[in-house]
Structures are given as structure tokens and as C-alpha cells.
Amino acid sequence: MSTAEYFAQSLRLAERADELGYDSVKTVEHYFHDYGGHSPNPIVLLSAIAARTRRIRLITGAVIPAFNNPIKLAGELAMLDNISNGRLDAGFGRAFIPKEFDVFNVKMDESRARFEEGIDVITRLWTEERLSYEGRFHRFEDVRLMPRPVQQPHPPIWIAAVATKESFIWAGRRGYHIMIVPFASSLDLVRDLVQSYRDAWRGAGHAPGAEQIQSSLHCYVAETHREAVEGFKRPVERYVEVFSEAVRSWTGKASGQYAGYEKLVEAIGALTPEKMIESHTALVGTPEEVIEQVEFNRNLIGEHEPSMQINFGGINERDAFRTLEIFAARVMPRYRKEEN
């Protein structure tokens, strides 16, 4: 599948998801590898989706302050919020692939400081009429951001967090929502990290239960268990292959900002379709089996929203649409009832 074909498929899926009542659509910022590299700017793709949808929310999952000037990023995100008439959820991440840091000439040991300062600049530009700033990486005087966001005081903010406890606690203290990736670590670790996030949220005095968590999970739904498992194998094996290629730049590297990440190469390379299904870090099976898998995750880490990857690994459009349609018809109603 070419990049152009992938984008065309993504637009068709997003348009149908909007019609079916899905809550949000999300895309990444990555570079230089088949793993995410077709989307170096989530804002561009989400703007195209905004033009073809009416109600679904648009999540940058995530943009990277370390690789972007935060003044420019603040304006571009505000522009998307206006184009979509207030449907933006702004997700931010630190990045974690050494090759990206090398090419952008950014030190990995500066990633947290750049991330936190970048978000500080962006949120202040969104909320203050004029801003002068003196930071470690950014200095400017008397800037009035144009355009301003539609949502006030600013769009909801999400933080991408994988395995660094400090990221979970930082997000909780500031009242930001989180996006997690269980298949990149383990559910036991994720459970403890999510608990530290919730503790930090409550400890900072934010409204109990107002926090939101999205869990990124590959999803493949079919009418029979065998059809789902067999259909899931090839595309997820391709996904693991390109993910492994991207994290290979960790070989021989280590960073205090990313404790344990040097083990990613081995951990990702060891992923198999069977392990992902057995560990409940993917939603694969019949609608009834998928409901059981969602419940398993909810019982382990509490209330959260599955953020489903349905067009991964060059999956064909028929299979992606089948997952989208069956999940909407036979899984979502179970949880819409609970909300009502």
C-alpha cells in the first residue's frame, strides 16, 4: 500500500467512524521509518479528517514539542481547533526513538525539559493575551498568538506515556489526560503506572473521576474466533517488524531520561500475535470475546477508553471496515448503556 493509498483509506475509515458514533480519531508524529514515518505532521491529516466529519474529536497522538518550535505549534494546533470548530484534543509526547533525536540534533537527555517547557509555552500562548517568555530553550517578548483556540481556556491536553513513572505523575499533577501503550511494556507495569497517575491527580486536588485514560490496542474483530486470530496474524507481524526496525537505533544507547528503554529492541522483537492476545494487550476475536478482553483491562487498570488501531501492518480495507462496523454494532452498545 502506498502512502497516498494509506491516507485515502484513513480518511474513509474516519468518515465512517464519525457516522457510527466513535468518539475520536488519533494519529502520530514520527519520522524516517515505516513505523509512523508516513505521518510527520498529525495536524495535516487531522485537518483533512476535520473537513470530512461533523462530530468526531481529533487527537494529536502525539505531537512532539522537542522537534517543533512551540510558538509555531501553538498556532498550528489553534488553527486545527478553528477548522474543526472546537474538536481538537491536543496530545503531546516526548518521543522515544534515538534516530529521530539524532537527525533533529536534539539531545535525548534534554527531552523532558524540552517537552515540559514546550507545553508551558503553548498553554500560556493559548491563555494569555500577550506573552514574554524566558526559558531554557525559548526566549521571546510580547507575542500575541494568532489564531486563538475555539475551546476555552484551551483544548483538552493529553500526555503520551509508556513506561516512565515520572511522566505519569507529571501528567496527573497538572490535570492532563494520558494515552498509554500496554503492548510496549506489560499490563502489570501499566497497572502500577496508571495508579501513580490517579494518585497524583487526586493529590493535586483535581476532581475525582474527571481524569481520562486512553489505552492503545490493536483491534481485529470477526464473526468467528478462528477468522479473527488468523486475520490478525499477518498484519500485526508486519507491524512488529517495522516497530522493531525503528527501535533498533536503541542498540548501544542508554539515557537517564529513558530508564530501561535500551531493552525495547528485545522486548518488541519478542512480540508475537499469540503473546499479544494471551496478555490482553490486543482486542482480537468475536464481539463477545472482545468485550471480555475490554473487561479484563478495565478490571486491571480501572475505567479507561480503548484507542483501537484497526488499519495496521498494511491491513486490507475490507478487514479494517469489518472491525469498525462490528465493534460499533455489537461492542459499543454495551458501554453506551453504562454511560446512560
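Modeller: H3 passes H5 in a right-handed crossing. Keep in mind that this is a predicted model.

Biologist: At what angle do the axes of H3 and H5 cross?

Modeller: They cross at roughly 50° and come within 9 Å. H3 and H5 are therefore oblique to each other.

Biologist: Which residues make that contact?

Modeller: H3 contributes Pro70, Ile71, Leu73, Ala74, Leu77 and Ala78. From H5 there are Gly118, Val121, Ile122, Leu125 and Trp126.

Biologist: And how many of those are charged, by class?

Modeller: The contact of H3 with H5 has no charged residues, 10 nonpolar and one polar.

Biologist: Switching to H2 and H3: how do their axes sit?

Modeller: The axes of H2, residues 42–52, and H3, residues 70–83, come within 9 Å and cross at roughly 10°. Angles under 35 degrees count as roughly parallel, so that is what H2 and H3 are to each other.

Biologist: What touches what there?

Modeller: On H2, Ile43, Leu46, Ser47 and Ala50. On H3, Leu73, Glu76, Leu77, Leu80 and Ile83. By class, that contact has seven nonpolar residues, one polar and one charged.

Biologist: Now H1 and H2. Which hand is the crossing?

Modeller: Right-handed. The axes of H1 and H2 cross at roughly 45° and come within 9 Å, and the two helices are therefore oblique.

Biologist: Which residues are in that one?

Modeller: Phe7, Leu11, Arg12, Ala14 and Glu15 of H1 meet Leu45, Ala48, Ile49 and Arg52 of H2. The contact of H1 with H2 has three charged residues, six nonpolar and no polar.

How values were computed. Residues are numbered from 1 along each chain as its sequence is written. This is a predicted model: local features need pLDDT of at least 70, side-chain atom pairs count only at pLDDT 80 or more; totals for chains, interfaces and linings use all residues. Side-chain values use heavy atoms; hydrogens and water are left out. Axes are lines fitted to C-alpha atoms, for helices over the stretch in contact, and angles run from 0 to 180 degrees between N-to-C directions. Helices (H or I, at least four residues) and strands (E, at least two) are DSSP runs, numbered from the N terminus. Angles under 35 degrees count as roughly parallel, over 145 as roughly antiparallel, 65 to 115 as roughly perpendicular and the rest as oblique. Contact means heavy atoms within 4.5 Å. Ala, Val, Leu, Ile, Met, Phe, Trp, Tyr, Cys and Pro count as nonpolar, Asp, Glu, Lys and Arg as charged, and the others, Gly among them, as polar. A crossing is left-handed if the near helix is turned anticlockwise from the far one by less than a right angle, and right-handed if clockwise.
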